Amino acid sequence: MKPSELQEKTCHQFDCAIKTVIRHRAIDFYRAIRRSEKKEMPFAEIMDDLLNSIGTEDTYSTDYVAVFEVCGEKVSIEDEQLARALKAIEERKRNIVLQYFFIGDTDTYIGKMLDCSRANVTKCRIQALERV
């Protein structure tokens with residue numbers, strides 16, 4: 001073998017060995033990440049669990065409480081100004097507003113319950129809010 005061929009062969013062997021080492025280090029790295037992911041819990045979940053275990057929710061009664069009944073559910077409004085504004089709206093539109101904002105129903109669901117279109121429900125809700 002000529003010295004240049006020997007050097008070339010040695011370089012190729014060294015390249016091959018280095019690539020093998022790098023590939024195996026990468027495999028080890030990704031395996032370690034997968035192992036740690038199985039043991040770890042996202043920080044957001046830890047905080048929710050921790051807050052739920054040690055936290056409490058205080059409720060205070062106020063002097064003024066207005067109760068509206070919508071679809072068999074009672075909605076309590078403790079803000080006097082908001083209650084007066086809701087009482088000023090006609091009943092159908094008030095029920096739409098209460099269902100949407102306080103019960104959390106969608107316009108489509110409210111439309112099915114009232115036997116009208118989603119667009120009509122949206123229009124009634126917007127008109128009610130503009131009136132207030």
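1. A salt bridge here is a side-chain nitrogen of Lys or Arg within 4 Å of a carboxyl oxygen of Asp or Glu. The model is predicted, and side-chain atom pairs count only at pLDDT 80 or more. With that cut-off, a search of the whole structure finds 1 salt bridge.

2. The pair in question is Asp 107 with Arg 125, whose closest N and O atoms are 2.6 Å apart.

3. Are the two partners buried or exposed? Asp 107 is buried, at a relative accessible area of 10%. Arg 125 is buried as well, at 9%. The cut-off for buried is under 20% relative accessible area.

4. On charge overall, the protein carries 21 positive and 23 negative side chains. The centres of these two sets lie 10 Å apart.

5. The protein has 6 helices and 2 strands, and their order along the sequence is α-α-β-β-α-α-α-α. The radius of gyration is 33 Å, well over the 14 Å that the globule rule gives for 132 residues, so the protein is more spread out than a compact globule. Along the principal axes, the C-alpha atoms fill a box of roughly 100 × 40 × 25 Å.

6. Buried residues account for 18% of the 132 residues. The accessible surface is about 10900 Å², and carbon and sulfur atoms contribute 53% of that surface. Of the contacts between residues at least 6 apart in sequence, 40% join residues at least 24 apart.

7. Helix α4 deserves a separate look. Which of its residues are buried? Within α4, residues 91–103, these are Lys 93, Arg 94, Ile 96, Val 97, Leu 98 and Gln 99. Their cover includes both strands, β1 (66–70) and β2 (73–77), together with the helices α3 (80–88), α5 (107–114) and α6 (118–131).

8. What follows α4 in the chain? The next residue is Gly 104, with a positive phi near 90°.

Technical notes. Residues are numbered from 1 along each chain as its sequence is written. This is a predicted model: local features need pLDDT of at least 70, side-chain atom pairs count only at pLDDT 80 or more; totals for chains, interfaces and linings use all residues. Side-chain values use heavy atoms; hydrogens and water are left out. Buried means under 20% relative accessible area, exposed over 50%, partly exposed in between (1.4 Å probe, protein chains only). Helices (H or I, at least four residues) and strands (E, at least two) are DSSP runs, numbered from the N terminus. Contact means heavy atoms within 4.5 Å. The radius of gyration is taken over C-alpha atoms; the globule rule is 2.2 Å times the number of residues to the power 0.38. Accessible areas come from the Shrake-Rupley method with a 1.4 Å probe; for residues, only the protein chains shown count as cover. Lys and Arg count as positive and Asp and Glu as negative; His and the chain ends are not counted. The place of a charge is taken as NZ of Lys, CZ of Arg, CG of Asp or CD of Glu.
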